Amino acid sequence: MLVNSHPEYPTCIRQVHKCLIEFNHIGEVIHMILADKIIELRKRSGMSQEELAASLQLIGLDITQKTISRIETGNRVVPDYELIYFSKLFDIPVEDLLHD
């Protein structure tokens with residue numbers, strides 16, 4: 001039997017589509033929480049975006065002020081390996097970067 005000829009096919013596709021939309025929304029929410037958290041931590045530390053980028057460079061992350069700006073405005077996703085650098089610099093667990 002072909003998959004698309006199965007009687008449950010339309011229902012299954014709708015459920016998968018709904019899950020993907022919900023997953024995407026959750027990702028966007030986490031992305032904005034992270035952006036807000038980085039702004040908060042940077043300002044609390046008294047750093048400019050340029051100083052934050054320089055501090056991250058000193059501990060091994062190749063990042064620029066422009067990249068920090070894009071992260072803070074929600075125009076760039078922070079990959080998981082970069083979270084470790086932010087965590088180390090601000091001396092907080094990665095999990096705290098992802099929670100409001």
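**Exercise 1.** Determine how helices H2 and H3 are oriented relative to each other in this predicted model.

*Solution.* Begin with the axes, which are lines fitted to C-alpha atoms over the stretch in contact, with angles running from 0 to 180 degrees between N-to-C directions. The axes of H2 and H3 come within 8 Å and cross at roughly 110 degrees. Because angles under 35 degrees count as roughly parallel, over 145 as roughly antiparallel, 65 to 115 as roughly perpendicular and the rest as oblique, H2 and H3 are therefore roughly perpendicular to each other. Next, list the contact, meaning heavy atoms within 4.5 Å: H2 contributes Gln49, Glu50, Leu52, Ala53 and Leu56, while H3 contributes Gln65, Ile68, Ser69 and Glu72.

Residues are numbered from 1 along each chain as its sequence is written. In this predicted model, local features need pLDDT of at least 70 and side-chain atom pairs count only at pLDDT 80 or more, whereas totals for chains, interfaces and linings use all residues, and side-chain values use heavy atoms, leaving out hydrogens and water.

**Exercise 2.** Work out how H2 (residues 49–58) is placed against H4 (residues 80–90).

*Solution.* First, the two axes come within 10 Å and cross at roughly 100 degrees, which makes H2 roughly perpendicular to H4. Then identify the partners: Leu52, Ser55 and Leu56 in H2 meet Tyr85, Phe86, Leu89 and Phe90 in H4.

**Exercise 3.** Find the residues that Phe86 touches, not counting residues up to four places away in sequence.

*Solution.* With that exclusion applied, the partners of Phe86 are Ile38, Leu52, Leu56, Ile63, Ile68, Ile71, Val78 and Leu97.

Methods
Helices (H or I, at least four residues) and strands (E, at least two) are DSSP runs, numbered from the N terminus.
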